[in-house]
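Here is a short report on a structure. Please read it with the sequence and the model side by side.

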Amino acid sequence: MNRESISNWVQEKLIPAIAKFTSFKFVKCMQEGVVACMNATMIGSIFMLMMIPPFPATASGGIVDAWRAFSAANAGWLNMGYQIGLNAAGFYILIGMVNAVCKHDKAPLVNNMVLAIFSYICLQCSFLEGGGLDIGFWGAKGMMAALLVGYFVPELNMWLRKHGIKIKMPDSVPPFIADPIEEIFSSFGTVAIVFAVKLIFAAFGTTLGAFVNSLFSPLFSATDSLTAVLIYCILVRILWFFGLHGNNIAGAVVNAVLMQNFVANAEAVASGGQPTYIFNSAFQQWTTQGILFIVLAVILVAKSEQLKAVSKVSLAPALFNIGEPTTFGLPLILNFDIFVPYLIVFALNGLIPYLACKFGFMNIPYIDVPFTVPAIIKVFVMSMDFRAILVYLVNAVACILIMIPAIKKYDAKLLAQEHAEANEAEAAL
Amino acid sequence: MNLLIIGLKIVLILSWCLTVLDVVKLYRADTGVKMVFDWLSYINISGTIGLTLVALFAVIESSTYVFTACLILLTVVMVWFLKLRLMIAGDHKALLGSKMIEQSDIRRVYTKFMTLYVETRNETIKLYAPVTDRSVTMRLYNAGKRR
């Protein structure tokens with residue numbers, strides 16, 4: 001199979017198949033829904049970081065004591081910020097999901113949003129003895145249910161509206177008055193169905209969130225494993241190899257689970273425990289470090305003009321974890337000369353930190369950090385553990401050593417091409 | 001010390017006010033102004049908002065004077081760092097950091113090492129890692145190309 005036939009296969013078969021998958025309404029809406037809670041989780045992470053000073057219990061003196069004093073003095077409202085920001089992530093995902101569905105179907109937003117929030121509260125919350133609602137399922141535990149409610153409630157409402165009884169208002173009535181009245185029967189039908197579902201769950205002594213989590217628990221366990229990490233790393237890179245945005249495509253499937261794992265870790269830390277899920281959305285950032293190591297390997301050994309030029313342009317973006325100049329400049333796309341080491345490097349990016357967390361050498365990441373923060377700082381902040389920097393350096397050395405022979409070989413090929421072109425140009429003169 | 005921390009909190013509020021004022025000025029001066037940001041910029045803005053909330057609500061207490069003061073100072077720096085990187089455009093004008101320019105004045109737009117350079121009739125404006133959206137960058141780029 002030569003490069004051209006692979007390229008044709010990618011254009012004609014692979015890209016349409018992936019485009020079809022990512023264009024499924026549920027997948028598209030899920031992507032938007034999960035992204036909707038990013039800002040809130042970011043703000044919540046900052047509150048949590050201030051609330052729980054990132055130092056071992058034995059540490060003392062200087063900034064450690066100052067931070068602890070600050071945390072103790074502000075504990076009440078810091079906890080409130082954390083609860084509203086991070087511990088209501090399910091609720092924000094619901095809002096993002098309903099917005100995405102309504103945008104996609106060009107459906108009225110407000111009524112569907114109200115119905116979805118009503119349904120979410122109804123299906124997720126149970127009453128506490130002595131009054132009040134148990135909102136334990138608004139955070140990590142309620143994310144999968146939020147995606148389902150956010151998708152199916154507007155869909156159900158719109159289906160009932162299309163097929164059910166309608167009150168047709170005269171055209172002279174403004175839409176903001178006509179819409180709620182026209183939707184009154186479909187809304188009533190939706191509420192009745194939601195209540196029926198609630199009663200069924202209540203009869204079994206459970207809630208939607210608990211039920212969905214029990215259904216998905218094998219998936220969460222499977223996701224939080226070394227095999228899953230390696231499959232994810234390799235799949236993302238194979239997609240990038242074919243010029244497809246691997247992180248976006250694979251992320252459409254796994255981001256919801258990784259976000260749930262991340263919030264569960266944050267909840268565990270906030271309640272004084274230890275994070276348990278290694279493969280979460282913060283850990284995911286470890287799996288994208290390889291580009292910088294490839295650039296460093298190029299800088300160390302490249303002699304050809306092309307690679308030297310690419311390394312100059314790519315270094316600064318790569319320091320901030322932006323990989324496109326390297327991916328398209330080196331290029332990494334359909335470059336069989338470095339394909340195998342390229343895959344190994346990214347597999348190591350998942351393997352080394354995973355094993356470090358698994359064997360207790362490094363804390364499991366539990367803090368969200370923007371992906372453009374330079375990696376060496378980011379890995380420390382995500383786990384609040386200086387040992388993460390050591391793991392990063394070990395990972396860097398291993399990856400650079402793996403890349404060097406392949407880059408040398410590729411560089412020699414480019415150098416020969418450049419010489420040949422120069423000779424041709426001279427001969428032409 | 002209490003007064004110093006209150007003063008710093010006021011500086012922090014003023015820094016946000018100045019940032020918002022720049023945006024409001026653009027809104028008033030032009031049409032078609034949209035507050036659109038890409039995902040990374042949103043994360044950037046929400047991080048700064050989170051830090052601002054913590055800094056503003058921090059209690060003023062003798063045991064935490066220095067830490068609180070440093071935290072507020074850091075937040076003020078972050079807000080200014082955000083303000084100077086903000087890039088929004090309307091139909092005819094654009095806000096580049098704290099400078100408002102006419103799009104018709106743009107001669108050239110180019111990038112170098114995470115920095116966006118906007119060359120206008122009078123000066124070249126530099127924006128390090130702009131907080132913006134791709135559509136805004138393209139609008140300015142096209143404005144420069146039309147010259």
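## The sheet of chain B

Leu96(B) stands opposite Lys99(B), a residue of S3(B). This is a predicted model. The facing pair belongs to two antiparallel strands: S2(B), residues 93-96, is joined to S3(B) by four bridges.

The whole sheet has three strands. It is open, its order is S1-S2-S3, and the pairing is antiparallel. S1(B), residues 87-89, and S3(B), residues 99-102, are the edge strands. Each of them pairs on one side only. From one strand to the next, the twist averages 20°.

## Helices on the sheet

Helix H1(B), residues 2-29, packs on the sheet. H1(B) touches S1, S2 and S3 of chain B. The direction of H1(B) makes about 175° with that of S2(B).

Helix H4(B), residues 134-145, lies across S1 and S2 of chain B. H4(B) runs at about 65° to S1(B).

## Where chain B touches chain A

The contact between the chains takes 21 residues from chain A and 23 residues from chain B. On the chain B side, two elements give two or more residues: helix H2(B), residues 39-57, and helix H3(B), residues 65-83. H2(B) supplies the largest share, 13 residues. By class, this side of chain B has 15 nonpolar residues, seven polar and one charged.

## Chain A overall

Chain A has 429 residues, and 41% of them are buried. Its secondary structure comes to 19 helices and two strands. Take the contacts in chain A between residues at least 6 apart in sequence: 73% of these join residues at least 24 apart.

## Two helix pairs in chain A

Two packed helices are described by the angle between their axes and the distance between the axes. Start with H2(A), residues 25-36, and H6(A). Their axes come within 7 Å and cross at roughly 140°. That angle makes the two helices, H2(A) and H6(A), oblique to each other. The crossing of H2(A) past H6(A) is right-handed. H2(A) contributes Lys25(A), Lys28(A), Cys29(A), Glu32(A), Gly33(A), Val34(A), Val35(A) and Ala36(A). From H6(A) come Tyr92(A), Ile93(A), Ile95(A), Gly96(A), Met97(A), Ala100(A), Val101(A) and His104(A). The contact of H2(A) with H6(A) has 10 nonpolar residues, three polar and three charged.

Next, H7(A) and H10(A), residues 184-203. Here the axes come within 10 Å and cross at roughly 15°. Angles under 35 degrees count as roughly parallel, so H7(A) and H10(A) are roughly parallel to each other. H7(A) also passes H10(A) in a right-handed crossing. The H7(A) side includes Asn111(A), Leu115(A), Phe118(A) and Cys122(A). Among the H10(A) residues they meet are Ser187(A), Val191(A), Val194(A) and Lys198(A). The contact of H7(A) with H10(A) divides into eight nonpolar residues, four polar and one charged.

## The loop between H6 and H7

Which residues sit in the loop between H6 and H7 of chain A? Lys106(A) is one of them, and Ala107(A) is another.

Is Lys106(A) buried or exposed? Lys106(A) counts as exposed because it has 7 C-beta neighbours inside 10 Å. Ala107(A) has 17 other C-beta atoms within 10 Å, so it is partly exposed. Beyond its neighbours within four places in sequence, Ala107(A) is in contact with Cys102(A), Asn112(A), Pro154(A) and Met158(A). Asn157(A) is 50 residues from Ala107(A) in sequence, yet the C-alpha to C-alpha distance is 10.0 Å.

## Backbone exceptions

Most residues other than glycine have a negative phi, and most peptide bonds are trans. Lys106(A), not a glycine, has a positive phi of about 50°. Met384(A) also has a positive phi, near 55°. Met384(A) lies in the loop between H18(A), residues 375-383, and H19(A), residues 387-428. Met384(A) is partly exposed, because 18 other C-beta atoms lie within 10 Å.

The peptide bond from Leu330(A) to Pro331(A) is cis, and its omega is near -10°. Pro331(A) is found in the loop between H16(A), residues 324-329, and H17(A), residues 339-358.

How values were computed. Residues are numbered from 1 along each chain as its sequence is written. Chains are lettered from A and ligands numbered from 1 in the order in which they are written. This is a predicted model: local features need pLDDT of at least 70, side-chain atom pairs count only at pLDDT 80 or more; totals for chains, interfaces and linings use all residues. A residue is buried if 20 or more other C-beta atoms lie within 10 Å of its own, exposed if 12 or fewer, and partly exposed in between; C-beta atoms are placed from the backbone. Two residues are in contact if their C-beta atoms, placed from the backbone, lie within 7 Å. Ala, Val, Leu, Ile, Met, Phe, Trp, Tyr, Cys and Pro count as nonpolar, Asp, Glu, Lys and Arg as charged, and the others, Gly among them, as polar. Two strands pair if DSSP finds at least two bridges between them. Axes are lines fitted to C-alpha atoms, for helices over the stretch in contact, and angles run from 0 to 180 degrees between N-to-C directions. Angles under 35 degrees count as roughly parallel, over 145 as roughly antiparallel, 65 to 115 as roughly perpendicular and the rest as oblique. A crossing is left-handed if the near helix is turned anticlockwise from the far one by less than a right angle, and right-handed if clockwise.
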